[in-house]
Every structure is written in structure tokens, then in C-alpha cells.
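Have the model open while you read.

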Amino acid sequence: RAGVVTLEAGARFASPGEDGRVGLVVRPDHILLPGDSGHPATEAEVVTQCEDILFLGTHVRLDLRTATGVAISVHVPPFRVVEHAIAVGSELRVGWTVAGRKIIENAP
């Protein structure tokens, strides 16, 4: 690790801690669509493909998958789906901030 986490999905970001496997947890409502106005810069980003879109009233759940098969659920306000022209099959770059993620040391 040497102070850098490298995810199977390809993203890399700085993170102090022990060398070894780690897990990354980001709440679905803390995953960002980069370029959204009012959002801080992301710490890291991954490229995904949209597999499903589910309208849940107050938000929309996007079910995404990386090229390496990692499933990611994202919750966004409904207008973001229109603003970003998101459809099933769309390629999306998503990211997170340091404050929006948790590293799990020694993950299996």
C-alpha cells in the first residue's frame, strides 16, 4: 500500500495505514457524478456502466458496474438523471470525497 490504495476498478488514492488488503465503503448518497455544480472535487473516480435505474420518489437509485465486475449503487436526485442524460447502458464516471468514504483495514 505504501500510503496509496489501488482498487480493482482502477482508481488510486492516498490513504495512510498498514500495508495489506483494504475494503472501501462509500454510502450510495455520497457517490458523486463529477462535474455536478456545488460538489467538491472527488478524491478518486471509477468508470462504470449503468445497469438499472429505479425511481424511488425522493431519489433515483442507479445500479452501476465497473469493467472488473464491482457493483456500485448510487442515489441521486431525480433531476440528475435528466441533467446527465443517464440511461441503461450509459457509461458513467463516478467518484467520492475523503469525507464520504471509509477504509476497512485488513479486509478479506
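## Salt bridges

The structure holds six salt bridges, each being a side-chain nitrogen of Lys or Arg within 4 Å of a carboxyl oxygen of Asp or Glu. Bear in mind that this is a predicted model, where local features need pLDDT of at least 70, side-chain atom pairs count only at pLDDT 80 or more, and totals for chains, interfaces and linings use all residues. Residues are numbered from 1 along each chain as its sequence is written, and side-chain values use heavy atoms, with hydrogens and water left out.

Glu51 is partly exposed at 41% relative accessible area (buried is under 20%, exposed over 50%, partly exposed in between, with a 1.4 Å probe and protein chains only). Arg65 is partly exposed too, at 32%.

Then there's Arg80 with Glu83, whose closest N and O atoms are 2.7 Å apart. They are three residues apart in helix α1 (residues 78-83), which puts about one helical turn between them. Arg80 is buried at 9%, while Glu83 is partly exposed at 47%.

## The sheet

Four strands make an open sheet in the order β6-β5-β4-β7, with antiparallel pairing; two strands pair if DSSP finds at least two bridges between them. The edges are β6 (71-76) and β7, each pairing on one side only.

Strand β4 (residues 44-55) is joined to β7 by six bridges. Along that pairing, Val46 stands opposite Val94 in β7.

## An aromatic pair and its neighbour

Which two rings form the edge-to-face pair? The model has one aromatic pair, and it is Phe13 with Trp96: 6.1 Å centre to centre, 85 degrees between the planes. The rule takes rings of Phe, Tyr and Trp (its six-membered ring) with centres within 6.5 Å; planes under 30 degrees apart are stacked, over 60 edge-to-face, and the rest tilted. Both residues, Phe13 and Trp96, are buried.

Glu43, in the loop between β3 (22-26) and β4, is in contact (heavy atoms within 4.5 Å) with residues including Phe13, Trp96 and Arg101.

Key
Helix = DSSP H or I, 4+ residues; strand = E, 2+ residues; numbered from the N terminus. Lists of a residue's contacts leave out its neighbours within four places in sequence.
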